[in-house]
Amino acid sequence: MHWRGNTGGYERTMDFNERGTATGVRHPWEKHRFKFYHDVIVSSFGRRPLSVLDVGAGDGWFARELRSVWEAPLDITLWGSGYGEGDAKEDGIPRIAGNPDRSFDLVLMLDVAEHVTDDAGFLASIIRRNLEPGGRILFSVPAWTWLWSSHDMRLRHVRRYSPRVARALLEGAGLRVLESGGLFPILLPIRVLQITREKVMKVPVPGLEGAPRGVMTMLVNGVLALDRKVARGASRVGIQVPGLSWWALCAR
């Protein structure tokens, strides 16, 4: 999702890695990312009734998946200024173009802040208007400034974050970081090799346009499942493993 700060609000466009293929098949990266964050949400809230705001929700796939596996009433709203004028519903989930005038138990800000020029101001406005006292924000950003590549430019990222800078952004907004860590640590060496090849051979770093097929699907799923378990296990015991993404669960 791309949000670009401007005087009238925030403009949204879709990131490559938030699109399904033409057949509607989701990339394994997206599926394992969902499983990871679903586990974080369950660990924090259990499975009680929950109100959720998904900021920069794209086509709503994450929200639909969350609703399909949640074992209690889930009141979820998608916010994206690119949805058009007024409110609309798709699959029974509200899609709102402007900042909703209500608060929520959980706010999802997954791979959003890197698109916003004034990330601190945007985060502060969400906390003020949309986060219940005692509520949680689940936040993620692409990690490490030295991983900047043509892939970031294609997605119109404003920046990448070091874990230290990302944590300072959250704490500066008055949030308390409850849990944090790296995600996709096993993929980090692969990205380093891709960036090195880009610099030496001028071969652009690839995106995630289209899902793998056949035997490759099994291989990719196996690697990502292991990657997810390593990252989640490390975060549970307070180990900050480096990864392609950095995430944090925060309390107001």
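I took buried to mean under 20% relative accessible area. The model I am reading is predicted.

**Entry 1**

I counted the aromatic pairs and found seven. I looked up W29 and F184 among them. Their ring centres are 5.6 Å apart and their planes lie at 25 degrees, so I noted the pair as stacked. W29 belongs to helix α1, while F184 sits in the loop between β9 (176-183) and α6, so the pair ties together parts 155 residues apart in sequence. I checked cover next: both W29 and F184 are buried.

**Entry 1: an edge-to-face pair**

I then turned to F36 and W247. This aromatic pair is edge-to-face, with 5.4 Å from centre to centre and 75 degrees between the planes. F36 is in helix α1 and W247 in strand β10, so this pair ties together parts that are 211 residues apart in sequence. F36 has a relative accessibility of 1% and counts as buried. W247 is buried too, at 0%. I also noted one aromatic cluster, formed by F34, W61 and F62.

**Entry 2: the nonpolar cores**

Which residues have the most contacts inside the largest nonpolar core? I found I41 and L138, in a core of 38 residues. The elements giving two or more residues to this core include α1, β3 (50-55), α2 (61-69) and β4 (74-79). Also on that list are β7, α6 (188-201), α7 and β10 (245-251). Helix α1 gives the most, with eight residues.

Not counting residues up to four places away in sequence, I41 touches G46, L50, L66, W70, L106, L108 and L138.

**Entry 3: C250**

I found C250 in strand β10. Its relative accessible area is 0%, so I wrote it down as buried. What does C250 contact, leaving aside its neighbours within four places in sequence? My list reads G135, R136, I137, L170, L175, R176, V177 and L178. I also looked up G174, which is 76 residues from C250 along the chain. The C-alpha atoms of C250 and G174 are separated by 9.7 Å.

I stopped at D111 for its backbone. D111 has a positive phi of about 60 degrees, although it is not a glycine. D111 lies in the loop between β7 (104-110) and α3 (119-130). At 10% relative accessibility, D111 counts as buried.

Which side chain meets that of D111 in a salt bridge? I found R33, at 2.9 Å from N to O. R33 is in helix α1 (residues 28-45) and D111 in the loop between β7 and α3, so the pair ties together parts that are 78 residues apart in sequence. R33 is buried as well, at 8%.

W144 has a positive phi of about 70 degrees and is not a glycine either. W144 is placed in the loop between β8 (131-142) and α4 (150-154).

I counted twelve salt bridges in the structure. One of them joins D119 and R159, with the closest N and O atoms 3.5 Å apart. D119 lies in helix α3 and R159 in the loop between α4 and α5 (163-172), so the pair ties together parts 40 residues apart in sequence. D119 is buried, at 15%. R159 is buried, at 18%.

I looked at R167 and E171 next. Their side chains meet in a salt bridge of 3.7 Å, N to O. Both residues are in helix α5, four residues apart, or about one turn of the helix. R167 counts as partly exposed at 27% relative accessibility. E171 counts as partly exposed at 43%. I also noted a network: salt bridges that share partners join D39, E179, R232 and R236.

**Entry 4: the surface**

I186, M216, L219, V223, L226 and V230 form it, with about 480 Å² of accessible area together. I picked out M216, which lies in helix α7 (residues 215-236). M216 is partly exposed, with a relative accessible area of 44%.

Terms used:
Residues are numbered from 1 along each chain as its sequence is written. This is a predicted model: local features need pLDDT of at least 70, side-chain atom pairs count only at pLDDT 80 or more; totals for chains, interfaces and linings use all residues. Side-chain values use heavy atoms; hydrogens and water are left out. Buried means under 20% relative accessible area, exposed over 50%, partly exposed in between (1.4 Å probe, protein chains only). A salt bridge is a side-chain nitrogen of Lys or Arg within 4 Å of a carboxyl oxygen of Asp or Glu. Patches are made of residues with over 30% relative accessible area and no salt bridge: like charges are joined within 9 Å, nonpolar side chains (Val, Leu, Ile, Met, Phe, Trp, Tyr) within 5 Å. Accessible areas come from the Shrake-Rupley method with a 1.4 Å probe; for residues, only the protein chains shown count as cover. A nonpolar core is a set of buried Ala, Val, Leu, Ile, Met, Phe, Trp, Tyr and Cys residues joined through side-chain atoms within 4.5 Å. Contact means heavy atoms within 4.5 Å. Rings of Phe, Tyr and Trp (its six-membered ring) pair if their centres lie within 6.5 Å; planes under 30 degrees apart count as stacked, over 60 as edge-to-face and the rest as tilted.
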